[in-house]
Structures are given as structure tokens and as C-alpha cells.
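Thanks for asking me to look this one over. My notes are below, as numbered points, starting with the terms they rely on.

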Amino acid sequence: MKLPVWLRPLLFIAVLLALWQVAIDRHPGQLLPGPIGVAKGILDLLQHGLLLKYVVASLFRVTWGFGLAVVVAIPLGLMLGWHRRGQMAAYPIVQLFRPISPLAWIPLAILWFGVSDLAAIFLIFVGCFFPLLLTAMSAVHNIPAVYVNAGRNFGLSSSAFVSRVLYPAVIPQLLTGLRLTLGIAWLVVVAAEMISVNSGLGFLIVDARNAGNRYDLVVAGMVLIGAIGLMLDLAMRSLERVRSFHWSISED
Amino acid sequence: MNSVAKPRRWEAFFWPAIAAAVLLAVWHYSVVLTGTKIFPSPTNVKTGVIELLHKNVLWADIGDSLRRVAVGFGAAVLVGIPVGLWLGWSAKANQVVNPTLQILRPISPIAWIPVAIIFFGVGDRAAIFLIFLASFFPIVLACVSGVSSVSPVLRSAGCNFGLSSTQLLRRVIFPAALPQILVGVRVALGIAWLVVVAAEMIAVDSGLGYLVIDSRNSGKRYDLVVAAMLMIGIIGLVLDFSVRRVERIKSVRWGFRNAS
Amino acid sequence: MTEAGAGQKMRVEHLGMVFQRDGGAVSALEDINLDVSAGEFVCIVGPSGCGKSTLLNVLAGFLSSTSGSVTIDGEAVTGPDPRRILVFQERGVFPWLTVEGNIGFGLSKLSRAEREARIAHYVQTVRLQGFEKAYPADLSGGMKQRLQVARALAVNPDILYLDEPFGALDSITRVIMRGELLRIWQTERRTILFVTHDIDEAVQLADRVIVLSSRPARIKEILAIDIPHPRNISSPRYLELRDELLTQIGLAYEV
Ligand SMILES: Nc1ncnc2c1ncn2[C@@H]1O[C@H](COP(=O)(O)OP(=O)(O)O)[C@@H](O)[C@H]1O
Ligand SMILES: [Mg+2]
């Protein structure tokens with residue numbers, strides 16, 4: 001039997017789904033829904049207009065939290081990276097803050113911002129800020145000295161130097177860092193919504209479980225989280241593939 | 001690459017010390033000036049840490065968190081590396097399985113919490129399952145991309161000396177992909193540390209994450225909250241540092257651009 | 001040119017190679033016929049991109065040809081084999097192994113004592129004494145190439161294929177490396193097929209030089225270099241052969 005190449009992964013997914021359904025059918029009274037139940041759950045959400053509302057709520061928080069972190073962390077990181085003493089001063093502190101799970105900030109976020117969108121946005125901001133700062137610092141650090149010297153050699157003014165050497169040289173690394181960090185933002189928003197607000201996909205999951213064990217909606221929420229996360233990742237990857245960003249230092 | 005003359009040796013300690021002092025001063029004076037009774041000053045946090053140490057709560061919680069990470073992350077390494085090597089090695093298998101991985105990967109490990117609770121109840125095993133999930137995907141994907149970027153020249157060289165497939169995998173492909181695999185392992189360990197704290201805030205009642213949320217809920221002890229956060233940061237730093245030490249070993253160091 | 005018989009090592013007959021790429025077909029080799037005798041030093045020259053690496057990869061068994069055959073000692077070549085080792089232009093050494101580890105790579109079947117003796121011998125042969133424990137990252141380009149040659153020689157191959165092994169080195173190192181290779185060839189007496197795009201290199205090293213045409217590669221000319229070693233590179237015969245080769249490639253008197 002020869003299957004066309006594009007069909008094989010689809011078939012694999014279909015087999016997994018079928019196994020899942022069969023496993024559920026054989027254990028009636030199970031809380032966990034099968035794929036059909038999940039599909040019905042998603043339809044249910046659509047009909048009540050909750051799907052769009054929650055997706056938009058989550059994306060809204062991610063956009064603000066991630067956007068603010070990018071606007072603050074990248075310029076700061078580039079500046080610190082360029083001035084070696086700045087990097088030396090900031091590095092240990094950033095390294096200490098980075099492994100603190102953004103969720104551990106929840107008590108402080110609620111203390112400062114109450115149970116609100118602002119708290120969730122703050123958590124996402126914290127979760128993205130430190131990784132982005134590190135990415136920007138190391139991106140500057142990794143510019144080969146030849147580029148810098150060549151730029152100086154041509155007598156560029158500082159602003160021309162930033163726009164024509166520094167910026168293009170750090171872009172590829174920054175884009176990779178941005179993609180990974182957006183993944184973190186998506187992870188944090190779900191967790192934050194489970195604890196500190198009452199809308200969004202994370203809230204959907206906790207709420208569906210607490211209010212009546214609607215596990216079909218729980219898994220529907222997970223599927224949506226996966227699908228949107230995948231789309232965000234693909235969008236960032238396509239940005240990385242844009243021609244003028246495409247080179248990278250490691251290519252020699 | 002730098003903008004000014006090479007810093008001297010003492011500056012490596014001097015500037016971080018200055019930065020830390022400034023940070024502490026800003027923190028201290030903003031607590032004093034705003035006159036807040038809830039948010040702790042650095043001194044309060046220090047007392048908090050000492051209190052935790054004396055009550056032995058801290059050590060038990062640290063032990064619990066570390067044990068969960070060790071088991072969940074260890075299992076992810078043990079399962080993820082062989083799976084990743086296999087997928088990287090066999091283009092066909094990768095073609096079939098990769099889309100499924102890509103769909104599962106972006107599901108926030110936190111979102112699995114309700115499902116984990118169904119399977120394992122509220123307890124250790126649920127948390128370990130979450131950590132396993134969170135670290136499994138980055139490790140597998142790092143292996144796949146590590147193996148597929150092994151230079152064909154090295155593969156050919158290995159073949160030339162009459163190696164069988166398993167020998168080739170063990171003696172050429174694995175060591176050649178190891179630097180990239182280690183990066184994946186380090187990233188995964190970082191994620192595991194983020195997730196254990198989150199899982200402990202929701203799904204169990206011990207560990208550093210529980211300490212954070214419990215200190216807040218039972219009596220608004222924000223000094224203990226910040227003390228626990230500090231411990232989380234320090235331990236995460238130590239974990240990261242120990243994987244970086246492995247990256248410094250000579251037989252993998254060649255793969256890291258900034259080393260040596 | 002070569003007399004078939006006891007000394008014959010390799011016979012290549014009507015070899016052809018066509019790559020299928022993006023629906024189109026690229027012909028890289030066309031009707032290559034060649035006999036090589038044991039212990040011979042053969043250089044292969046040709047314009048860049050003509051198919052020299054493809055030829056070596058077919059001879060070494062990494063690629064299977066689309067037509068024709070390669071037989072070595074009367075046996076058809078079907079895949080890579082430690083009796084014939086290919087040395088790459090660069091990045092061929094294993095960066096995670098030390099000099100010793102690289103040289104010992106193909107020796108896992110030997111006993112420990114034998115292996116160590118073999119490694120020590122070839123460290124001497126390529127003059128890497130003192131670097132036994134060093135990793136490739138700490139070696140110069142020339143040392144890495146010598147290491148590759150040592151790793152190849154250590155498994156006692158009959159044939160050594162070298163694909164522009166000195167192409168990435170600076171010109172002074174290249175001259176030194178040629179001397180080293182000749183010295184090794186004269187003591188170890190292996191059959192060597194050496195691809196280069198450097199005419200001088202070919203005339204200094206080879207017993208015979210095979211000139212390939214541009215793609216698809218065909219044998220344009222086979223030139224015997226009848227100067228005994230050590231060769232005087234300002235002798236009239238040397239200059240004559242060199243000019244002959246340059247003419248063949250179509251570059252004579254152009255600079
Ligand atoms: N795997 C392949 N698929 C398609 N074309 C190839 C492949 N390998 C080599 N070629 C083509 O064959 C020609 C000869 O390549 P090569 O043998 O590497 O040249 P040389 O070593 O003489 O510079 C080139 O035009 C190259 O593009
Ligand atoms: Mg070539």
C-alpha cells in the first residue's frame with residue numbers, strides 16, 4: 001500500500017484520534033471526553049459566542065504584555081549589550097530574575113493591580129521581559145568584530161552605524177528570541193488566566209472544570225490553545241524567513 | 001565585541017555590586033516613602049528568609065520541588081532523547097509524527113492541569129506529569145534538529161570506516177548532535193523549573209510554588225512571598241549554571257560558538 | 001597507458017552519473033574509462049564544478065553510478081569500505097574527539113595495545129607529536145588535514161582518495177603539505193587518487209594526471225609525469241609538462 005506523502009501524517013493523527021475515541025467508548029462514565037465530545041464542545045462555545053470572546057481576551061493580553069516587553073527590553077538590552085560595563089552590571093541581576101516563574105509573581109501582581117487584565121498583562125510582561133533582555137544583550141555581544149570595524153572604517157556616523165550595521169546584524173538573533181519568547185507569553189497567559197482573571201482560554205479551562213466538570217470544554221480549551229500557539233509560532237517563523245533577515249552569523 | 005577599552009578584573013565584581021546596591025536602595029526607599037504596610041522591604045525579606053530557614057519549611061519545600069523536577073525532567077530526558085534521535089534519523093518517521101508534535105507542543109503545560117488531575121489526582125504525580133510534558137517536547141525537537149543538521153561530511157566519514165547503523169548513530173550522529181541536544185536540555189530544564197512552580201501553585205500542597213501562594217493566602221505574608229521568589233530565582237540559576245558547566249566539557253565545547 | 005595485469009588495482013569502465021534534480025537531469029560524469037595500478041599516484045584536475053567530487057564519491061562507494069562500473073581488485077564497488085578511505089577538503093575530522101580519538105576511530109576491532117601502537121605510529125607519521133590530547137578546535141587547518149590523513153592511513157587502506165585536501169590551506173602550508181604527502185606515499189606505498197584544481201600541485205605530485213573536461217566531466221587527456229622525485233620545479237621538463245596541462249585546460253599564456 002503506497003500512501004501519498006502528505007496523507008501519512010494526517011492518517012497518523014486520524015489513528016490517534018480513533019484510538020482516543022475507542023478508549024473513551026470502552027470506559028463509560030469517564031470524565032474525559034472523546035474527540036467527538038471535544039468537537040461538540042467547540043461548537044457549543046461557538047454558539048454561545050464564548051469562543052471568539054475568550055480567544056480575543058487572551059490575545060489582547062498577550063499583545064499588550066508581549067508588546068510592552070519588546071518595547072522596553074529590546075532597546076534596553078541592546079544598550080546594555082553595547083556598553084560592556086552596563087552588561088556586567090545588569091547580567092547577574094537579570095540571571096537571578098529570569099528563572100523566577102512568572103506565576104510566582106501572581107501574589108505581587110494581584111497586590112499591585114488587583115484581579116484584572118492589568119495583572120495578567122503584568123505577568124506576561126515579566127515573563128517576556130527577562131528572556132528578551134538577555135537575547136538583546138547576547139545579540140549585540142555576538143556581532144562579529146569585523147562588522148563593527150568595517151562599519152567604523154567607512155566612517156559612518158553613530159546613527160548611521162546603528163541603522164546600517166548594528167540593527168541588521170542583530171536582527172536574525174532577535175527574531176529567534178522573539179519567537180521563543182512569544183511561546184513563553186502564550187504559556188503564561190493561560191496560567192495567569194487560570195488564577196487571576198475571569199475571561200480568556202485559561203479561565204475557560206478552570207471554569208469548565210470547577211463549574212460542573214465540563215471536561216469536553218476543558219479539552220476544547222486545550223485544543224484551541226494548541227492551535228493558536230501553533231499559528232503564532234508559524235507567523236513568527238515566516239517573519240524569520242523574510243529574505244533580508246534570512247542570513248545568520250553561524251552560516252560563516 | 002565592545003565599545004570601550006577592555007574592563008579590568010575588579011570591575012567584574014564592582015559593577016554588579018553597584019547595580020545590586022542601587023536596586024536594593026530603590027526598593028528600600030520606595031517601601032519607606034510610600035509607607036506601605038503590606039509590601040516588604042529588603043530587611044523584612046531577610047527576616048522572612050531566616051524565619052523560613054528556622055522553621056525547616058523551606059528545606060522541605062525546596063526538596064519537594066527539586067524531587068518533582070528531577071523525576072519529571074529525568075523521565076523526559078530518558079524518553080525524549082531516544083525518540084528525538086530516532087525521528088531525526090528516520091526522515092519517514094519524522095514526516096509522519098512531526099505534525100502531531102507541532103500541534104501538541106504549543107499547548108501550555110499548565111493547560112494540562114485538569115487532565116493531569118483526572119489521571120493522577122491532586123498530588124505529586126500530577127505535577128511530575130506536567131513537568132514531563134513541558135520538558136519532553138523541547139528535548140525531542142532539539143534532538144530532531146540536531147541530528148538533521150549533522151554535516152554530511154561527518155556522516156560519510158563515519159560510513160567510510162565500516163560502521164553499522166547503530167554504531168554510526170552512537171559514534172557519529174549522537175556526538176555530532178550533542179551540542180544542540182544539550183541546548184535543548186538546558187532550555188527544557190528552564191521550562192521545567194517555571195512549570196513546577198506553576199503546578200505547585202495549583203495542583204499540589206507542597207513545594208516552593210505552594211509556599212508562594214500559601215504565604216499570601218494565609219495571612220498576607222508578603223515578606224515570605226518575596227523570600228520564596230528569591231529562592232526560586234537562586235535555585236533556577238544554579239540549575240542553569242550546572243547544565244552550562246556540562247556544555248563546557250571539551251568533547252562538546254566545539255559546538256558552542258561563544259566558547260573557547 | 002598502464003599495463004593491465006598483476007599490478008592493476010582499479011578499473012573504471014564507461015562510468016556515467018546523472019543527477020535528477022527538480023525534475024531536470026544534470027549529467028555530471030560521462031563515459032569515464034580509467035585503469036589505475038597498485039601504488040600509483042594519480043591526480044585528477046578539472047574546472048570547478050565539473051564533477052571531480054562526484055567521481056571520487058562514486059569510486060569510494062558513497063554514490064552509485066547511473067551507468068558503467070568500478071571494480072577494485074576484480075571486485076565491484078557497491079558501498080563504502082574501510083579498505084578505501086576518502087579524505088575531505090575540510091571539516092572532515094570529528095570535532096568531539098581528540099587527535100588520538102580521531103586516529104583511533106576506525107580501530108575499535110584491534111586490541112588496546114595494538115590500537116595504541118598504531119595511533120602512536122601515525123601521530124609520528126603526520127608529525128602531530130605533542131598534540132595527542134588536543135581537540136581539532138585547537139589545531140590549525142594544516143594540522144587538521146594531516147589528522148584526517150592519519151585517521152585514514154591508520155586503518156591500513158589500499159586506496160586513499162583525497163578531494164582537494166589542501167584546497168582550504170594557505171599557499172605556504174600547501175607546499176609543505178605536498179612534501180609531507182609525498183614522503184608518506186613513498187614510505188607507505190598506497191594507491192592515491194588526488195583531486196585538485198591546482199596544476200602545479202598535480203605536476204609536483206602525480207605519476208599520471210587525468211584532465212577532465214567541464215561538465216559533464218569526460219576524460220580529456222591523460223598525461224604521464226615522467227620526472228623522478230624529488231622534482232626540480234624549474235627544470236625544462238617540469239615547465240613543459242605544466243604548460244601542456246595549462247593548454248589542455250585552456251588557460252595557457254593567459255596571465
Ligand atoms: N546530489 C546532487 N544532486 C544534484 N546535482 C549534483 C549533486 N551533487 C553534485 N551535483 C552537480 O554535479 C556537478 C558536479 O559537482 P562536483 O562533483 O561537486 O564538482 P567539483 O567537485 O568538480 O567541483 C555540479 O554541477 C553539481 O551541481
Ligand atoms: Mg569538489
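1. A term to begin with: contact here means heavy atoms within 4.5 Å. By that rule, 18 residues of chain B are in contact with 23 residues of chain C. Please keep in mind that the model is predicted, so local features need pLDDT of at least 70 and side-chain atom pairs count only at pLDDT 80 or more, while totals for chains, interfaces and linings use all residues. Residues are numbered from 1 along each chain as its sequence is written, chains are lettered from A and ligands numbered from 1 in the order in which they are written, and side-chain values use heavy atoms, with hydrogens and water left out.

2. How much area do chain B and chain C bury between them? The figure is about 1800 Å², with 70% of it on carbon and sulfur atoms; buried area is the accessible area (1.4 Å probe) that two parts lose on being put together, summed over both. On the chain B side, N160(B), F161(B) and R171(B) supply 40% of the buried area, more than any other three residues.

3. The rule does find 5 residue pairs in polar contact, both at pLDDT 80 or more. A polar contact is a pair of N or O atoms within 3.5 Å; within protein, one must be able to donate a hydrogen and the other to accept it, and residues adjacent in sequence count only if both atoms are side-chain atoms.

4. Which elements of chain B give two or more residues to the side that touches chain C? They are α7 (152-160), α8 (165-202) and α11 (250-253) of chain B, and α7(B) gives the most, with 7 residues. Helices (H or I, at least four residues) and strands (E, at least two) are DSSP runs, numbered from the N terminus. Chain B as a whole has 11 helices and 0 strands, and its C-alpha trace spans about 75 × 60 × 30 Å along its principal axes.

5. Turning to chains A and B, the contact takes 60 residues from chain A and 59 residues from chain B. The area buried there is about 5200 Å², of which carbon and sulfur atoms give 75%. In chain A, R84(A), R85(A) and M222(A) lose the most area to chain B, together 13% of what that side buries.

6. Between chain A and chain B the count is 2 salt bridges. In one of them, the side chains of R98(A) and D240(B) meet at 3.7 Å, N to O.

7. Chain C holds an open sheet of 6 strands in the order β6-β7-β8-β3-β9-β10, with mixed pairing; two strands pair if DSSP finds at least two bridges between them. At the edges, β6 (84-87) and β10 (219-224) of chain C each pair on one side only. Strand β9 (residues 208-212) of chain C is joined to β10(C) by 5 bridges, and the two run antiparallel. Within that pair, L212(C) stands opposite I219(C).

Note on methods
A salt bridge is a side-chain nitrogen of Lys or Arg within 4 Å of a carboxyl oxygen of Asp or Glu.
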